[in-house]
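Hi everyone, thanks for making time this morning.

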Amino acid sequence: MKKQFAWLLAAMMAVLVVGCASQKGPAEQALAGAQSALSAVADQAQKYVPDQYQAVQAQITSAQDAFNKGDYKGVLAAVPAITAAISSLKDAAAAKAADAEAALSKAKDAWSSVSTDVPKMVEAIQSRVDMLSKSHHLPANVSKDTLSSAKSGLDSLKSTWNDATAAATSGDYTGAMAKAQAVKDKAAEIMKSLGMSS
Amino acid sequence: MADDKTPAADNPYTQTYVVQSGDTLSKIAQKFYGDPALYHQIFQANQDVLKDPNKIFPGQKLKIP
C-alpha cells in the first residue's frame, strides 16, 4: 500500500512538473510580447505620460519576477491586464501628444503675430523715452521718477524680448509666447505711465 | 522725403493727436514733452502731412514720436 501511494505521489508530481513546464513557453512568449509592446510606445509614453508608463513598467517587472520564480501560470494570468494597460498607455500618450502638437501650432501662430507687434511697441516707447530725455522740462503727467522707471523698464523689455526670440529660434514657441506676453504687458504698462495711451 | 523712414511711420503704437483750434506745434510739444523747443521733432515725424511747421490745421492727425 505504501509503495502504491509513493508511485501515485511520484506520478502526480511528474504531471505537475510537466504541466508547469508546458506553461513556460507561452509565459515567456506572452511576457516578451508585453515587453515589446511597451518598448514600442516607450518614447512617447515617457515624454507625455511618465507616471502611467512607470506603472506599466512595474507590472512587467512584477511579471518578470514571477517568471523567474517559475510561476508561469501567474505570468499568464497577469499578461492580459498588462496588455490592456499598455493599450491604455498608448492611447493616453497619443492624446497628450496631439494636445501638445495643437498647443505648439497655436503658439507658432501667435508668435508670428507678436514677433512683429512687440518690436513696434518697444520702438514707440524708445522713441518717447528719447524725446523726453531731450526735453528740458517734463510734461505735467510724467515725473522724473516715471521717466527713470520707464528707461529701466525698457532695458528689461529688450532683454526679455531677446530671450523670447531665442526661445522661438530654438523651437520653444510656448516658452517664447509666455515671455512675449510678459513683454507686451510690461510695454503697455510703460506706455500708460508715459501718457502714451488714452 | 524721409518721412516714411521715421520710427513713427506705420507704427500703430505711436501716439497720435488731432490738432485743435489754436494749437501750434510748439504747444503740442509742450503738452507731450514739456518742452516747446521739441516742436521740430513732431514736424519731422509728420512730413507726410505737414509742409510747414507753422501751418497746422484743426482736424489734422499728427503722430507724436
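**Helix packing and cores**

Let's begin with H4(A) and H5(A), whose axes come within 9 Å and cross at roughly 165°. That makes H4(A) roughly antiparallel to H5(A). On the wording: angles under 35 degrees count as roughly parallel, over 145 as roughly antiparallel, 65 to 115 as roughly perpendicular, and the rest as oblique. The axes are lines fitted to C-alpha atoms, for helices over the stretch in contact, and angles run from 0 to 180 degrees between N-to-C directions. Helices (H or I, at least four residues) and strands (E, at least two) are DSSP runs, numbered from the N terminus.

Before I go on, a word on the source: this is a predicted model, where local features need pLDDT of at least 70 and side-chain atom pairs count only at pLDDT 80 or more, while totals for chains, interfaces and linings use all residues. Residues are numbered from 1 along each chain as its sequence is written, and chains are lettered from A and ligands numbered from 1 in the order in which they are written.

Back to our pair: the crossing of H4(A) and H5(A) is left-handed, meaning that the near helix is turned anticlockwise from the far one by less than a right angle; clockwise would be right-handed. Sorted by class, this contact has 14 nonpolar, seven polar and three charged residues. Here Ala, Val, Leu, Ile, Met, Phe, Trp, Tyr, Cys and Pro count as nonpolar, Asp, Glu, Lys and Arg as charged, and the others, Gly among them, as polar.

Now, at what angle do H3(A) and H5(A) cross? Roughly 30°, with axes that come within 9 Å. H3(A) and H5(A) are therefore roughly parallel to each other. Their crossing is left-handed. On the H3(A) side, the residues making contact include Ala103(A), Trp111(A) and Ile125(A), and on the H5(A) side they include Tyr173(A), Ala180(A) and Val183(A). Contact means that two C-beta atoms, placed from the backbone, lie within 7 Å. By class, we have 18 nonpolar, one polar and two charged residues between H3(A) and H5(A).

That brings us to the largest nonpolar core, which has 36 residues. Such a core is a set of buried Ala, Val, Leu, Ile, Met, Phe, Trp, Tyr and Cys residues joined through C-beta atoms within 7 Å. Buried means 20 or more other C-beta atoms within 10 Å of a residue's own, exposed means 12 or fewer, and partly exposed is in between, again with C-beta atoms placed from the backbone. Which members touch the most others? Ala180(A), Val183(A), Ala29(B) and Ile42(B) do. H3(A) gives the largest share, eight residues.

Leaving aside neighbours within four places in sequence, Ile42(B) is in contact with Leu25(B), Ile28(B), Ala29(B), Leu62(B) and Ile64(B).

**The two chains**

Chain A has five helices and zero strands, and 23% of its 198 residues count as buried. Chain B has two helices and two strands, in the order β-α-α-β along the sequence. Of the 65 residues of chain B, 31% are buried.

Where the chains meet, 15 residues of chain B are in contact with 15 residues of chain A. H1(B) provides the largest share of the chain B side, three residues. That side has eight nonpolar, five polar and two charged residues.

Beyond four places in sequence, Leu89(A) touches Val41(A), Ala45(A), Val49(A), Gln52(A), Tyr53(A) and Val56(A).

Gln46(A) sits in helix H1 (residues 2–48) of chain A. Gln46(A) is partly exposed, with 14 other C-beta atoms within 10 Å. From Gln46(A) to Gln181(A) is 135 residues in sequence and 30 Å in space, C-alpha to C-alpha.
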